[in-house]
Amino acid sequence: MSRPIKVRRIACCPEANYFKPRGIPVVELEEVILSTDELEAVRLADLDGLYQEKAAGNMKISRQTFGNIIRSAHKKIADALVNGKALRIEGGVVAIDERRFSCQGCNFEWTLPFGTGRPTGCPQCRSRSIFRVLKGKKQSA
Ligand SMILES: [Zn+2]
């Protein structure tokens with residue numbers, strides 16, 4: 001029996017999900033699939049410069065698992081760049097963090113998953129003075 005796959009937490013959604021070399025028709029391209037958790041590992045370790053220990057903690061996985069993911073991600077990205085392949089970002093076992101909103105009118109707080117659009121008003125009092133709550137701080141949404 002295979003081990004159950006642990007859900008990996010990510011905090012961002014990729015802006016784009018397909019990269020291809022210029023001037024090559026898609027039908028002639030080989031594709032490399034980079035999973036969303038691999039992209040998140042690259043973001044944390046390479047872009048944000050976190051130590052693997054910390055990055056693994058952010059994704060709620062072991063350091064060893066993180067090491068495997070980042071190694072796999074680096075290899076895929078290198079393969080795409082060096083061999084002129086397209087890179088598709090999709091899949092992966094991920095839990096996307098929720099967005100938390102707060103109402104200035106009645107102090108009601110609620111959460112929405114990413115990708116559902118910004119709410120137009122407070123579900124409680126319909127006030128439009130709502131704020132995105134980030135790490136305990138209120139920010140203008
Ligand atoms: Zn309200």
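Start with contacts along the chain: among those between residues at least 6 apart in sequence, 60% join residues at least 24 apart. Two residues count as in contact if their C-beta atoms, placed from the backbone, lie within 7 Å. This is a predicted model, where local features need pLDDT of at least 70 and side-chain atom pairs count only at pLDDT 80 or more, while totals for chains, interfaces and linings use all residues. Residues are numbered from 1 along each chain as its sequence is written.

Next, the layout. The protein has 3 helices and 9 strands, taken as DSSP runs numbered from the N terminus (helices are H or I, at least four residues; strands are E, at least two). From the N terminus the order is β-β-β-α-α-α-β-β-β-β-β-β.

Of the 141 residues, 18% are buried. Buried here means 20 or more other C-beta atoms within 10 Å of the residue's own; exposed is 12 or fewer, and partly exposed is in between.

Now the core. A nonpolar core is a set of buried Ala, Val, Leu, Ile, Met, Phe, Trp, Tyr and Cys residues joined through C-beta atoms within 7 Å. The largest one has 15 residues, and Ala41, Ala55, Phe66 and Ile70 touch the most other members. At least two of its residues come from each of helix 1 (36-47), helix 2 (52-58) and helix 3 (63-83). Helix 3 gives the largest share, 5 residues. Leaving out residues up to four places away in sequence, Ala55 touches Ala41, Leu44, Ala45, Leu50 and Phe66.

On to helix packing. The axes of helix 1 and helix 3 are 9 Å apart, at an angle of about 95°. Axes are lines fitted to C-alpha atoms, for helices over the stretch in contact, and angles run from 0 to 180 degrees between N-to-C directions. So helix 1 is roughly perpendicular to helix 3, a label for angles of 65 to 115 degrees; under 35 is roughly parallel, over 145 roughly antiparallel, and the rest oblique. Asp37, Glu38, Ala41, Val42 and Ala45 of helix 1 meet Phe66, Ile69, Ile70, Ser72, Ala73 and Lys76 of helix 3.

Last, one glycine. Where is Gly121? Gly121 sits in the loop between strand 7 (109-113) and strand 8 (130-134). Why is Gly121 called partly exposed? Because 13 other C-beta atoms lie within 10 Å of Gly121. Not counting residues up to four places away in sequence, Gly121 touches Arg126, Ser127, Arg128 and Ile130. The C-alpha atoms of Gly121 and Cys103 are 8.2 Å apart, with the two residues 18 apart along the chain.
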